[in-house]
Amino acid sequence: MEFWTGLLQSILQTALSPTTAAFVLAAIGLNVHFGFTGLMNMGQAGFMLVGAYGFGVSVVLGAGFWTAMLIAILAAVLFALILGIPTLKLRGDYLAIVTISAAEIIRMVVKLAALQDVTGGPTGIPGQKYRHVFTELSPLPEGKTTILGLTYANTGVDDWWTRLVAWGLVAVFILITWALVRSPWGRVLKGIREDEDAVRSLGKSSFSYKLQALILGGVMGAFGGIVMALPAAMQPDSMGRPTTFNLWMIMLLGGAATIFGPLLGSILFFVIRLVLTSLAGEFVPASVLSAQQTEQLAWILIGISLILLVVFRPQGILGNKKELSFNV
């Protein structure tokens, strides 16, 4: 009984964690790229990294919170322009190769030893160097608060303030996505996704709309990178290729071209991993599976689940088969 109670509490902790919220934000941006526009962006982690380091480096160099946020947003916009202007005429796997390469270039540049004094190189930037500008904005009183059986400090490293802001951003971006998709602008994006040539024949600049979508989704990814870095530290390898692949898994699990798919997919992704590792750790002897092997097994089972999902329900949990017509 104690195990199951602890497991339920761990599930709630995971579902409400800032990391889960960060992946929701980045997955919403990826959904704007692929789900609603049909852009095969395999470098969403690059936008997360640009946003996180734009914020962190700015604070280390003396910028305040709002200035650092503006710099992070501008950095994501600039990255989208540099990436999109020469490449958005590409389709399908060609665009995927370019985007994943661009994200890897950004990650390797950040890791350069020559930039150690600015970016921290391979070790990154410790949280205490940039988190204080965010913590100082907290209106919450000092001390700890218990909500739904979870006790955290109101303000600090692992706190309610970060969770409130992170999930507030999730709500804001879900609302923005819902409003934009229902607008004429969003309907043009869907038209590009389904038949770009038809959109061009109507006098619309598909390139312009795709660039706008790339910028919007990239800014959402940048916010995800900032939220991901706030409770811990800023480390380039934490926003590499595996992060992008996880975001794709989250989006496909919840359902591409859906409003709440990234939210459901992200929560399920992290909760399923937690449940699998917890059950294996409790009921499988250590002589059979070590902790590291249990983690690897969880990833294998998640991969198998994704394969089965794509085969038997390609639209995802919340998706609609009518939304699966892509011109990529």
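The expected span of a helix is 1.5 Å times one less than its number of residues. The structure is a predicted model. Its largest nonpolar core has 77 residues, its largest pocket has a volume of about 240 Å³, and a search of the whole structure finds 4 cavities of 30 Å³ or more.

**Helix α5**

- The buried residues of α5 are G92, L95, A96, T99, A102, A103, E104, R107 and V110.
- The cover over these buried residues of α5 includes α3, α4, α6 (116-119) and α12.
- α5 (92-110) also supplies at least two residues of the lining of the largest pocket.

**Helix α14**

- Helix α14 runs over residues 291-312, and its 22 residues should span 32 Å at 1.5 Å a residue; the end C-alpha atoms are 31 Å apart, which agrees.
- T294, A298, I302, L306 and L309 are the buried residues of α14. They cover an arc of only 120 degrees around the axis, which puts them on the same side of α14.
- An α-helix has 3.6 residues a turn, so residues three or four places apart point the same way.
- Q292, I307 and V311 are exposed, on the other side of α14.
- Among the elements that cover the buried residues of α14 are α12 (241-254) and α13 (261-283).

**Helix α8**

- Helix α8 (residues 160-181) has 22 residues, which at 1.5 Å a residue should span 32 Å; its end C-alpha atoms lie 31 Å apart, in agreement.
- Buried in α8 are W160, W161, T162, R163, A166, W167, V170, F173, I174, T177 and V181.
- V170 of this list is also one of the residues with the most contacts inside the largest nonpolar core.
- T177 and V181, both buried, are among the residues that line the second largest cavity.

**Nonpolar core**

- In the core of 77 residues, those with the most contacts inside it are F47, Y53, F55, Y130, V170, M234 and L247.
- Helix α11 (residues 206-229) gives the most to this core, with 12 residues.
- Leaving aside residues up to four places away in sequence, F47 touches H33, N41, A76, F79, A80, L83, L214, G218, G221 and A222.

**Largest pocket**

- The largest pocket, with a volume of about 240 Å³, is lined by 13 residues, of which V50, Y53, G54, A75 and V110 are the closest to its centre.
- α3 (44-60), α4 (65-87) and α5 each supply at least two residues of this lining.
- The largest share of the lining, 6 residues, comes from α3.

**Second largest cavity**

- The second largest cavity has a volume of about 50 Å³.
- Its lining consists of V32, F36, T177, L180, V181, W185, L189 and L216. The elements that give two or more residues to this lining are α8 and α9.
- α8 gives the most to the lining of the second largest cavity, with 3 residues.

**K190 and T37**

- K190 lies in helix α9 (residues 184-194) and is partly exposed, with a relative accessible area of 21%.
- K190 and T37 are 153 residues apart along the chain, and their C-alpha atoms are separated by 5.8 Å.

**Loop residues**

- Most residues other than glycine have a negative phi.
- L148 is not a glycine but has a positive phi of about 55 degrees. L148 is found in the loop between β1 and β2 (150-153), and at 63% relative accessibility it counts as exposed, the cut-off being over 50%.
- A257, another residue other than glycine, has a positive phi near 65 degrees. The place of A257 is in the loop between α12 and α13, and at 10% relative accessibility A257 counts as buried, the cut-off being under 20%.
- S138 is in the loop between α7 (132-135) and β1 (144-147). S138 counts as buried at 17% relative accessibility.
- Not counting residues up to four places away in sequence, S138 touches T155 and W161; W161 is a buried residue of α8.

Definitions and conventions:
Residues are numbered from 1 along each chain as its sequence is written. This is a predicted model: local features need pLDDT of at least 70, side-chain atom pairs count only at pLDDT 80 or more; totals for chains, interfaces and linings use all residues. Side-chain values use heavy atoms; hydrogens and water are left out. Helices (H or I, at least four residues) and strands (E, at least two) are DSSP runs, numbered from the N terminus. Buried means under 20% relative accessible area, exposed over 50%, partly exposed in between (1.4 Å probe, protein chains only). The arc is that of the directions from the helix axis to the C-beta atoms. Contact means heavy atoms within 4.5 Å. A nonpolar core is a set of buried Ala, Val, Leu, Ile, Met, Phe, Trp, Tyr and Cys residues joined through side-chain atoms within 4.5 Å. On a 1 Å grid over the protein atoms alone, a cavity is a set of points where a 1.4 Å probe fits but cannot get out, and a pocket is an open set with protein on both sides within 12 Å along at least five of seven lines; lining residues have an atom within 4 Å of a point. Grid points are joined across faces, edges and corners, and a volume is the space filled by probe spheres set on the points.
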